[in-house]
Structure formats: C-alpha cells, structure tokens
Amino acid sequence: MEDSPVLETESLTKSYGKSRGIIDVNLSVSRGEIFGFIGPNGAGKSTTIRTILGLLFPDSGHVRLFGENALSSGDFLRQRIGFVPSELNYYDGLKTGQLLDYSARLFKVKDKSIITRFCERLDLDTNRSIKDLSLGNRKKVAIIQALLHRPELLILDEPTSGLDPLMQSRFYEILREEQERGATIFFSSHTLSEVERLCSRVAIIKEGKIIKNSGMEELKQLYLKRFRLIFPRGTSFSAEELEKAAPGVLQLSLNKRGAEGLYKGNVRDLMKNLSQLPLEDAVLEDPGLEEIFMHYYNGKEDTV
Ligand SMILES: Nc1ncnc2c1ncn2[C@@H]1O[C@H](COP(=O)(O)OP(=O)(O)OP(=O)(O)O)[C@@H](O)[C@H]1O
C-alpha cells in the first residue's frame, strides 16, 4: 500500500438537489507531493474537499485515503489528516491558546511546545479572544490546528485567503518543511502564483468537472507558448495574415511594432511558419499559470 496514492477519487459525483456540485471528479495525489486544486468561485473545490473528507456523502464514486476506502474507514483516518476549511466557525468564548490546547489534546499531541513555535512563526497572540480575531488571524488558528498532530496528509481549502503577504510567505515556508518531513499536501487556491510556485501537480476544475490534470512543468511547456513578434520598421501584418501564416495562434493582439499572443501546437511548426515571415525578431516563452488558466477558462477546452 506504500506506493498507492495517498489521496484518490474515482468518478466522485455530488449534487445539491437539482444544482450541480461536482461531476465525475478523478484525482490522484502521490505521497510527498504538493498538489494544487484551482478553479473560480463555485467551480466545486470545496464540495470536492468536503466529500473527500466525508463531511458530505457523494451521490456516486469512491474516495481512497492511504489506500483505504475513506467512506467506510471513519475516524482513525482523521488522526492522519490535517484540514483547513474555507469557512471558519469557532466557539467564540475561548482564547486562541485555549482552543489550540484543546485541539492538541483531541489529537493526543504530546509535545505542546509546537503550539508556541507555530504561534511565534505566524505571529499569533495566544491571549486574544477568538471573537476578537481578524479573518487572517482566524485562518492562522485553523492552519496551526491542522499542523499540530503532524499529519501525513494536509488538505487545505484556500488556506492563504486573508493572510497578508508576509504571513503567506511564512506559510509557504512551513508547507515546504511539512513536505520535507514527508507530508503530502492537497490545497485549493485562487492565487495562481502560489500554486505555480509550490505545486508539482495541478488540477483545474470548471463547472464541477476536472478539465485539466497534469504536472506543472508539463502544463507550462507542452501545450502553450507565449510569443512576441517584432515587425521591421514600415512593415505590418494583419491579424488574418498572421493567423493564416501560423495556424494555432490564439488570443492574438497587434500593437504598433508587432504582435503577441498564445500558440497551441507543435513549437517546431510555429518556428518554421514564422521563419517564412520577414520579422525583425521573435520571442517564444512559457506562459505563466495565470495565462494557461485563463486560456482553459475562456476557451472551449473541456477535456483533460
Ligand atoms: N449547500 C449548498 N447547497 C446548494 N448548492 C451548493 C451548496 N454548496 C455548494 N453549492 C453549489 O455547488 C457548486 C460548487 O460549490 P463549491 O463551494 O464547491 O465551489 P468552490 O469552487 O469551492 O467555490 P469558492 O471558490 O467560491 O469557494 C456551486 O454551484 C455552488 O453554488
């Protein structure tokens, strides 16, 4: 079982009465990887996560955690998982330190100095009352709660929303350390730059369905290139001419001295086609995750 994925879903489907939740979601997260789960509001990230954790019961499909059927394995799995929910609801009558102490007891954490260490790193005051905490500070409490028992798997639903840039970067540092200690991390995010920086694999969800599921490098290199063309002085090309000369060009925009856009297809074909044009210069580069994401969202692509 050691080599089986730590987290796996198969055709996971969950609807809310007549409204769509998620449809046929297949995910596979290997031991030790940081896996990013992205999609806009309402795409189905939280529904997927809550179904994986057994907080929602699926209409159909399977969830395996550590190779076990999660839907019937129950509580003992929870000791091995740390979870940060997107919505935070706390009993407001406690102080931060008391709540973290309670969580540590619940998860049978022996060395409670870990609470102080994480609170110092994330700059969280343990004497403040939960009800007085800002959204960002509440998020820190949830992050520390998820980390206290050193879980093998961290499932984080938009963990950085509400954190300021300094705290976000401390949090990324912590995630990398968790990965080094052997933890597997699955997290949803709207912040594409953080997914790009941290994750080795990424899945994109759109309207309840996974539309892309691949390695980050593969996603960035194989399918799309960003290009910039400089025309010689006094020369210009129309969009139609360029599209005809280089089939596969997308999102073309023309400016005074040249053109730019995305290209989908074989890069060698693009270079061959461009070399037929009297260009002054041409630059090809890998697009950022944001562009890839926008391409999949704005375009008609709906396959993995
Ligand atoms: N309790 C609910 N009752 C009815 N519909 C729901 C419920 N929760 C979610 N949905 C619907 O399911 C779909 C997926 O929602 P979900 O919260 O999983 O998306 P999300 O990707 O997490 O969005 P966000 O980024 O805004 O958190 C949406 O169409 C949403 O309206």
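In this predicted model, six strands build an open sheet of mixed pairing, in the order β6-β7-β8-β3-β9-β10. Strands are DSSP runs of E with at least two residues, helices are runs of H or I with at least four, and both are numbered from the N terminus. Two strands count as paired if DSSP finds at least two bridges between them. Because β6 (81-84) and β10 (209-215) lie at the edges with a single partner strand each, one side of each has no neighbour in the sheet. From one strand to the next, the twist averages 15 degrees.

Residues are numbered from 1 along each chain as its sequence is written. Local features need pLDDT of at least 70 and side-chain atom pairs count only at pLDDT 80 or more, while totals for chains, interfaces and linings use all residues.

Within the sheet, β3 (residues 34-38) and β9 (residues 201-206) are joined in the parallel sense by four bridges. Phenylalanine 35 has arginine 201 of β9 as its bridge partner.

Helix α6 (residues 165-180) packs on the sheet, where it touches β3, β7 and β8 (184-189), and its direction makes about 150 degrees with that of β8. Contact requires C-beta atoms, placed from the backbone, within 7 Å. Angles run from 0 to 180 degrees between N-to-C directions, with axes fitted to C-alpha atoms, for helices over the stretch in contact. Helix α5 (residues 135-147) lies across β6 and β7 (153-157) and runs at about 170 degrees to β6.

Notes. Contact = placed C-beta atoms within 7 Å.
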